Each structure stands twice: as C-alpha cells, then as structure tokens.
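This is a briefing for a reader who is new to the structure shown below. Please look over the sequence and the model before reading the points that come after.

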Amino acid sequence: MNIRPLNDRVIVKRLEEERTSPGGIVIPDSATEKPSRGEILAIGPGKTLDNGQVRALAVKAGDKVLFGKYAGTEVKIDGQEILVMREEDIIAVLED
C-alpha cells in the first residue's frame with residue numbers, strides 16, 4: 001500500500017479485539033464493538049505552527065495506540081480497511 005498522510009495525520013490499522021471474555025466465554029461478532037486499538041502504519045511530516053515551523057509528531061510508524069471510538073475516517077485501500085486520523089485523536093501509546 002502506497003499512501004502518504006499529510007500534515008499531522010496518521011494512518012492506523014485497527015487491531016483485532018479479543019473474542020473471548022476473561023471468564024472464557026466466546027463473544028460473537030455481532031456483539032463486539034469496533035476495536036479502539038491500532039498500529040500506526042505511516043505518519044505525516046508534522047503540524048505546521050503559526051510561525052511556519054513544523055512540529056514533528058510524537059508517534060512513529062509501528063507504535064500501538066489507543067484512539068477514540070469515533071476517531072478518524074475509515075478508508076478502504078487495496079482491500080484493507082484503514083483509518084486516517086489526526087495525531088490529536090490518539091489517546092495514548094501502548095508500551096510493551
């Protein structure tokens with residue numbers, strides 16, 4: 001996939017949520033919500049500030065992140081669903 005986000009936007013691929021509960025119950029697809037975790041595939045150059053300087057993003061490609069339920073715009077490219085969102089829509093970076 002060849003896609004290059006602009007400004008402070010990032011490309012995120014949703015990570016699959018667990019299909020079983022902590023008690024071992026299998027959750028059907030119809031009862032699961034869209035995951036709010038993802039992996040960053042690409043980042044833009046950064047946010048342009050009022051003085052014309054570009055501030056680099058705090059995230060990088062490969063980071064696993066949490067984002068809001070309605071964050072970003074869903075796009076389908078090469079048969080793969082991805083999200084295009086601003087850096088400010090990212091809530092946290094997941095550390096290993």
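The notes below go from the overall fold to the core and then to individual residues and pairs.

The structure is a predicted model, in which local features need pLDDT of at least 70, side-chain atom pairs count only at pLDDT 80 or more, and totals for chains, interfaces and linings use all residues. Residues are numbered from 1 along each chain as its sequence is written, and side-chain values use heavy atoms, with hydrogens and water left out.

**Overall fold**

- The protein chain has zero helices and eight strands, where helices (H or I, at least four residues) and strands (E, at least two) are DSSP runs numbered from the N terminus.
- Along the sequence, the pattern of the protein chain reads β-β-β-β-β-β-β-β.
- Among contacts in the protein chain with a separation of 6 or more, 60% are between residues 24 or more positions apart; contact means heavy atoms within 4.5 Å.

**Surface and burial**

- The protein chain has 96 residues, and 25% of them are buried. Buried stands for under 20% relative accessible area, exposed for over 50%, and partly exposed for what lies in between (1.4 Å probe, protein chains only).

**Nonpolar core**

- Eleven residues form the largest nonpolar core: Val10, Val12, Ile40, Leu57, Val59, Val65, Phe67, Ala71, Leu83, Met85 and Ile90. At least two residues of this core come from each of strand S1 (9-14), strand S5 (64-67) and strand S7 (80-86).
- A nonpolar core is a set of buried Ala, Val, Leu, Ile, Met, Phe, Trp, Tyr and Cys residues joined through side-chain atoms within 4.5 Å.
- Apart from neighbours within four places in sequence, Val65 has contacts with Ser36, Arg37, Gly38, Ile40, Ile90, Ala92, Val93 and Leu94.

**Asp63**

- Asp63 sits in the loop between strand S4 (54-55) and S5.
- With a relative accessible area of 12%, Asp63 is buried.
- The side chains of Asp63 and Lys60 are joined by a polar contact of 3.0 Å. A polar contact is a pair of N or O atoms within 3.5 Å; within protein, one must be able to donate a hydrogen and the other to accept it, and residues adjacent in sequence count only if both atoms are side-chain atoms.
- Beyond neighbours within four places in sequence, Asp63 touches Gly38, Glu39, Ile40 and Val93.

**Salt bridges**

- Side chains of opposite charge can pair when their charged atoms come close.
- A salt bridge is a side-chain nitrogen of Lys or Arg within 4 Å of a carboxyl oxygen of Asp or Glu, and the count by this rule is five.
- One of them joins Arg86 and Asp8, with the closest N and O atoms 2.7 Å apart. Arg86 lies in strand S7 and Asp8 in the segment before S1, 78 residues apart. Arg86 is partly exposed at 31% relative accessible area, while Asp8 is buried at 4%.
- Another salt bridge joins Glu74 and Arg14 at 3.2 Å, N to O. Glu74 belongs to strand S6 (residues 73-77) and Arg14 to strand S1, 60 residues apart. Glu74 is partly exposed, at 41% relative accessibility.
- Glu39 and Lys64 also form a salt bridge, at 3.9 Å from N to O. This pair links strand S2 (residues 37-43), which holds Glu39, to strand S5, which holds Lys64, across 25 residues. Glu39 is partly exposed at 26%, and Lys64 is partly exposed at 34%.
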